[in-house]
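Take a first walk through this structure. Keep the sequence at hand as you read.

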Amino acid sequence: MLGLVLAAEPGQAGGYTLNIWNTQASAYNREVVGLMTWVLAFAALVFVGVTGALVYVTVKFRRTGRETSEPEQTHGNDRLEVIWTVIPTVIVLVIFGLTAQSMFKLDRPPAGAMVVEVRAWQFWWDFVYKETGVRTSSELILPVGRPVTFEITSGTREFPEVIHSFRITSMVGTVDAIPGVVTRLSVTPEKIGSYYGQCVELCGASHSNMRFRVKVVSQEDFDRWIAGAAAYQAVAPTDPALVRGEGLFRQQCAACHTIRGVSEGTINNPDLTFFGNRTTVGSGMWPNRPEYLEPWIKNSPGMKPGVKMPAFPNLSDDDVKAIAAYMMSHRVDGLDFSKLEKY
């Protein structure tokens with residue numbers, strides 16, 4: 001299969017392989033790759049025809065130095081003009097028909113699809129499972145083999161936003177996230193793994209850093225996660241380090257961020273309820289490890305331009321470690337998404 005390695009994550013030897021030919025990921029990919037194959041075949045045909053004609057004319061009518069007069073001149077050729085008009089027209093009509101057929105097929109919402117509300121913010125993504133009300137930010141968990149429909153928008157009336165664009169590379173195409181408008185995109189994930197998501201509409205200073213992850217897992221793991229997430233309520237920690245971290249979190253973070261059972265936060269800031277299950281920090285920017293999480297807590301604008309979260313120069317290194325440990329303690333136990341194969 002052909003692939004493109006876009007970028008390696010810091011601290012890891014390899015990167016995510018963004019593979020447009022990964023037809024095992026979804027039927028959507030197979031349809032798009034089939035259409036692309038036709039387009040590439042016609043493009044190759046045109047290239048060979050035009051290049052062949054150019055080479056033929058160049059060789060046949062090249063100057064040899066033995067000419068004694070001007071060659072015979074030809075003015076117009078009705079048959080040739082009809083041919084080079086009809087052939088491109090037929091190619092365009094065939095591609096139009098194939099494209100329309102694919103669009104009708106892909107735009108048809110699958111029966112019994114799970115609905116996930118997607119909301120875009122500068123520069124991160126928010127997800128709500130409509131059936132259960134479970135909310136998670138920057139990382140989305142989906143069951144393999146079950147159709148899902150994304151209902152996509154940007155910001156809220158209370159917190160206005162710019163236009164973004166939602167795409168899960170290697171799985172499904174692109175749909176704009178427009179303020180005040182809900183657009184829809186459906187797909188059935190067919191291969192377990194970790195997929196790279198990205199905003200593909202220029203939206204500000206960290207547009208290229210507006211990433212997310214989609215974790216496609218078995219139905220059993222998904223059911224365990226969604227049941228644990230729906231029932232989750234944070235309990236008061238007993239470990240002294242976590243007690244200290246909770247106190248600092250309530251002082252510094254609770255006004256903006258939600259941890260269920262601890263703080264409500266606001267909708268325009270990421271939900272941190274299941275932060276311990278996340279594999280990345282900074283909306284998909286870095287692996288979720290202390291060497292990235294701790295500096296992110298202390299000075300996120302210095303790591304990702306344009307983020308709304310302020311720096312906290314007043315926090316000591318020990319304060320930051322306590323907050324990071326407290327955030328990592330919030331998780332649905334028994335699930336590890338970090339080992340999934342990456343696409």
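The model is predicted: local features need pLDDT of at least 70, side-chain atom pairs count only at pLDDT 80 or more, and totals for chains, interfaces and linings use all residues. Residues are numbered from 1 along each chain as its sequence is written, and side-chain values use heavy atoms, without hydrogens and water.

Start with helix 1 (residues 27-60) and helix 2 (residues 78-106). Helices are DSSP runs of H or I, at least four residues, numbered from the N terminus. The two axes lie 10 Å apart, at an angle of about 175°. Axes are lines fitted to C-alpha atoms over the stretch in contact, and angles run from 0 to 180 degrees between N-to-C directions. The pair is therefore roughly antiparallel (over 145 degrees). Helix 1 brings residues including Trp38 and Phe42 to the contact, and helix 2 brings Ile91 and Leu98 among others. Contact means heavy atoms within 4.5 Å. By class, this contact has 12 nonpolar, two polar and two charged residues. Ala, Val, Leu, Ile, Met, Phe, Trp, Tyr, Cys and Pro count as nonpolar, Asp, Glu, Lys and Arg as charged, and the others, Gly among them, as polar.

Now turn to helix 5 (residues 290-303) and helix 6 (residues 317-328). Their axes come within 9 Å and cross at roughly 115°. That makes helix 5 roughly perpendicular to helix 6 (65 to 115 degrees). Leu293 and Ile297 of helix 5 are among the contact residues, as are Val320 and Met327 of helix 6. This contact has seven nonpolar, no polar and four charged residues.

Conventions
Helix = DSSP H or I, 4+ residues; strand = E, 2+ residues; numbered from the N terminus. Parallel < 35°, antiparallel > 145°, perpendicular 65-115°, else oblique.
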